[in-house]
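Work through the exercises below with the sequence and the structure at hand. Try each task before reading its solution.

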Amino acid sequence: MSSGQLVLQFIWDPVRTLTQSAFFPVIFAITTYVGFCLPFVALDALCPWVPVLRRYKIHPDFSPSARQLLPCLRQTLYQHAVFVFPTTLLYWLRSPAALPEDAPGLLELVGHVVLCLLLFDAEFFAWHLLHHRVPWLYRTFHKVHHQHSPSFALATQYMSVWELFSLSFFDMVNLMLLQCHPLTALVFHVVNIWLSVEDHSGYDFPWSTHRLVPFGWYGGVVHHDLHHSQFTCNFSPYFTHWDRLLGTLR
């Protein structure tokens, strides 16, 4: 094994045991999502008392109230318990009983995660654009996600069941299409959840992802916040090439 694969093997050995539980996928999804949201919730609570934080907020005078935060958290927990858990249980039942003993190679893992992000970005761009251009689709399925503007971290997964299932479907199809290792799938989910939460956080830090990716290839939180403000632009969740090609980049 290479040194990179040895490190991944050290991670995969205990994770492999955990993933054999039918409860693991939904617990993993909830804890990862809430864990990424909580730092931004804390920043929002501190912002009125720590003025220096306001320079990093896209909307300095806005902080979500408990009446906004709690319904978002409640809906996320409800949807995961009632809809996500039964779906992941069915997926778990049809999965092979024996998971691979060896971890993936480091280059394989990184390559598959990047490809999954690019595929998801393209699929969600098409879905998102369609649900904004067709009024019935917007009113019926996507409008709920736009109820919070400005956006905040816990509003990331405030969406209809149809939207939740659509995004989950894209995730699963891409992982199956590329035949990703289970550890790669977990890493992709962690990255995907983080990028989504960051996009809705309302904070533009010097280390935000869009400032680390060169040439304006990645839109990030400023790009997505503009979408929530104007509705007619920036339909890609992450990268900018589809919006650039279709003339919807602002």
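## Exercise 1: Salt bridges

D61 has a relative accessible area of 71%, so it counts as exposed. The model is a predicted one.

Task: Find the salt-bridge partner of D61 and state how accessible that partner is.

Solution.
- Step 1. A salt bridge needs a side-chain nitrogen of Lys or Arg within 4 Å of a carboxyl oxygen of Asp or Glu.
- Step 2. R54 meets this rule with D61, the closest N and O atoms being 2.4 Å apart.
- Step 3. The relative accessible area of R54 is 35%, so R54 is partly exposed.

Task: How many salt bridges does the rule give, and which residue pairs with D44?

Solution.
- Step 1. The count comes to 3 salt bridges.
- Step 2. One of them joins D44 to K57, with 3.1 Å between the closest N and O atoms.
- Step 3. D44 belongs to helix α2 (residues 24–46) and K57 to the loop between α2 and α3 (66–94), so the bridge ties together parts 13 residues apart in sequence.
- Step 4. Buried means under 20% relative accessible area. D44 has 7% and is therefore buried. K57, also at 7%, counts as buried.

Task: Decide whether D204 and R211, which form a salt bridge, are buried, partly exposed or exposed.

Solution.
- Step 1. The closest N and O atoms of D204 and R211 are 2.8 Å apart.
- Step 2. D204 has a relative accessible area of 15% and is buried.
- Step 3. R211 has 49%, which makes R211 partly exposed.

## Exercise 2: H210 and its surroundings

Task: Is H210 buried or exposed, and which residues does H210 contact beyond its neighbours within four places in sequence?

Solution.
- Step 1. Locate H210 in helix α8 (residues 209–212).
- Step 2. The relative accessibility of H210 is 17%, so H210 counts as buried.
- Step 3. With neighbours within four places in sequence set aside, the contacts of H210 are D204, Y218, G219, G220, V221 and V222.
- Step 4. D204 is also the salt-bridge partner of R211.
- Step 5. For H145, compare sequence and space: H210 and H145 are 65 residues apart in sequence, and their C-alpha atoms are 22 Å apart.

## Exercise 3: Helix α9

Task: Which residues of helix α9 (residues 220–230) are buried, and what covers them?

Solution.
- Step 1. The buried residues are G220, V221, H223, H224, D225, H227 and H228.
- Step 2. Their cover includes α4, α7, α8 and α10 (241–246).
- Step 3. After α9 comes F231, which has a positive phi near 70°.

## Exercise 4: Two crossing helices

Task: Describe how helix α1 (residues 3–18) and helix α7 (residues 182–200) are placed relative to each other.

Solution.
- Step 1. Two packed helices are described by the angle and the distance between their axes.
- Step 2. The axes of α1 and α7 come within 10 Å and cross at roughly 95°.
- Step 3. This angle makes α1 roughly perpendicular to α7.
- Step 4. On the α1 side, L8, I11, W12 and V15 make the contact; on the α7 side, P182, L183 and L186 do.

## Exercise 5: A surface patch

Task: Which residues form a nonpolar patch on the surface with L106?

Solution.
- Step 1. The patch consists of L106, V110, V114, L115 and L118, with about 380 Å² of accessible area together.
- Step 2. V110 sits in helix α4 (residues 106–133).
- Step 3. With 43% relative accessibility, V110 counts as partly exposed.
- Step 4. An α-helix has 3.6 residues a turn, so residues three or four places apart point the same way.

Key. Residues are numbered from 1 along each chain as its sequence is written. This is a predicted model: local features need pLDDT of at least 70, side-chain atom pairs count only at pLDDT 80 or more; totals for chains, interfaces and linings use all residues. Side-chain values use heavy atoms; hydrogens and water are left out. Patches are made of residues with over 30% relative accessible area and no salt bridge: like charges are joined within 9 Å, nonpolar side chains (Val, Leu, Ile, Met, Phe, Trp, Tyr) within 5 Å. Accessible areas come from the Shrake-Rupley method with a 1.4 Å probe; for residues, only the protein chains shown count as cover. Helices (H or I, at least four residues) and strands (E, at least two) are DSSP runs, numbered from the N terminus. Buried means under 20% relative accessible area, exposed over 50%, partly exposed in between (1.4 Å probe, protein chains only). Axes are lines fitted to C-alpha atoms, for helices over the stretch in contact, and angles run from 0 to 180 degrees between N-to-C directions. Angles under 35 degrees count as roughly parallel, over 145 as roughly antiparallel, 65 to 115 as roughly perpendicular and the rest as oblique. Contact means heavy atoms within 4.5 Å.
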